[in-house]
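Subject: A structure for you to look at

Hi there,

Here is the structure I promised to pass on to you. Please open it alongside this email, and then read on for what was found in it.

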Amino acid sequence: MRIDKLLWFLRFAASRNLAHDWVLRGHIRQNGRRIEKPGHAIKPGDILTLPLPRRVTVIEILALPARRGPASEAQACYRTLDDPAANPIAATDNNSS
């Protein structure tokens, strides 16, 4: 699946045109390599680094969505890797000395 279509289906972009422009800026990475073409193919198992407005997030594609459905359907297609809850090593413990 094209990355611009995927970003729109997964609800990271409000429209496919915005996703297209986002990819052209060259800040998105697939498996550590920079992506600059909106037609770049993405497959399950790929790791994407996405520069969101407030933070950078890293996701693993679990499945390719068939449509742009509700958010719950979109979230089932990827796993957030940089979420402290998903990675106990990244979690901070405020009680430790």
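Which residue just after H2 takes a positive phi? Glycine 26 does, with a phi of about 80°. Helices here are DSSP runs of H or I with at least four residues, strands are DSSP runs of E with at least two, and both are numbered from the N terminus.

Before the rest, a word on what you are looking at. This is a predicted model, in which local features need pLDDT of at least 70 and side-chain atom pairs count only at pLDDT 80 or more, while totals for chains, interfaces and linings use all residues. Residues are numbered from 1 along each chain as its sequence is written, and side-chain values use heavy atoms, with hydrogens and water left out.

The overall layout

The protein chain has 3 helices and 5 strands, and along the sequence they follow the pattern α-α-β-β-β-β-α-β. Of its 97 residues, 29% count as buried (buried means under 20% relative accessible area, exposed over 50%, partly exposed in between, with a 1.4 Å probe and protein chains only). Contact means heavy atoms within 4.5 Å. Among contacts between residues at least 6 apart in sequence, 34% join residues at least 24 apart.

Helix H2

H2 covers residues 16-24, and its buried residues are Ala19, Trp22 and Val23. They lie on the same side of H2 because they cover an arc of only 95° around the axis (the arc is that of the directions from the helix axis to the C-beta atoms). What do these buried residues pack against? Their partners are helix H1 (3-9) and the strands S1 (28-30), S2 (33-35) and S3 (47-51).

The strands

Two strands are said to pair if DSSP finds at least two bridges between them. S1 and S3 run antiparallel and are joined by 2 bridges; glutamine 30 has leucine 48 in S3 as its bridge partner. S3 also pairs with S4 (residues 56-61), in the antiparallel sense over 5 bridges, and a hairpin of 4 residues joins S3 to S4. On the S4 side, isoleucine 47 stands opposite glutamate 60, and leucine 50 has threonine 57 as its bridge partner. S4 in turn is joined by 3 bridges to S5 (residues 78-80), and these two run antiparallel. There, isoleucine 59 stands opposite threonine 80 in S5.

The two faces of S3 are worth a look. Leu48 and Leu50 make up the covered face, while Ile47, Thr49 and Pro51 make up the uncovered one.

Leucine 50

Leaving aside neighbours within four places in sequence, leucine 50 is in contact with Leu7, Phe12, Trp22, Ile28, Arg55, Val56, Thr57 and Ile59. Leucine 7 is 43 residues away from leucine 50 in sequence, and their C-alpha atoms are 9.6 Å apart in space. Trp22 in that list is also one of the buried residues of H2.

Most residues other than glycine have a negative phi. Arginine 11 sits in the loop between H1 and H2, and counts as partly exposed because its relative accessibility is 39%. Asparagine 31 is not a glycine either, yet its phi is positive at about 50°. You will find asparagine 31 in the loop between S1 and S2, partly exposed with a relative accessible area of 43%.

The cavity

How many cavities of 30 Å³ or more does a search of the whole structure find? The search finds 1. A cavity is a set of points, on a 1 Å grid over the protein atoms alone, where a 1.4 Å probe fits but cannot get out, and lining residues have an atom within 4 Å of a point. Points are joined across faces, edges and corners, and the volume is the space filled by probe spheres set on them. The largest cavity holds about 30 Å³ of space, and its lining consists of Phe9, Pro65, Arg67, Gly69, Pro70, Glu73 and Ala74. These divide into 4 nonpolar, 1 polar and 2 charged residues (Ala, Val, Leu, Ile, Met, Phe, Trp, Tyr, Cys and Pro count as nonpolar, Asp, Glu, Lys and Arg as charged, and the others, Gly among them, as polar).

Enjoy exploring!

Best wishes

Conventions
1 Å grid on protein atoms, 1.4 Å probe; cavity = no way out; pocket = protein on both sides within 12 Å on 5 of 7 lines; lining within 4 Å.
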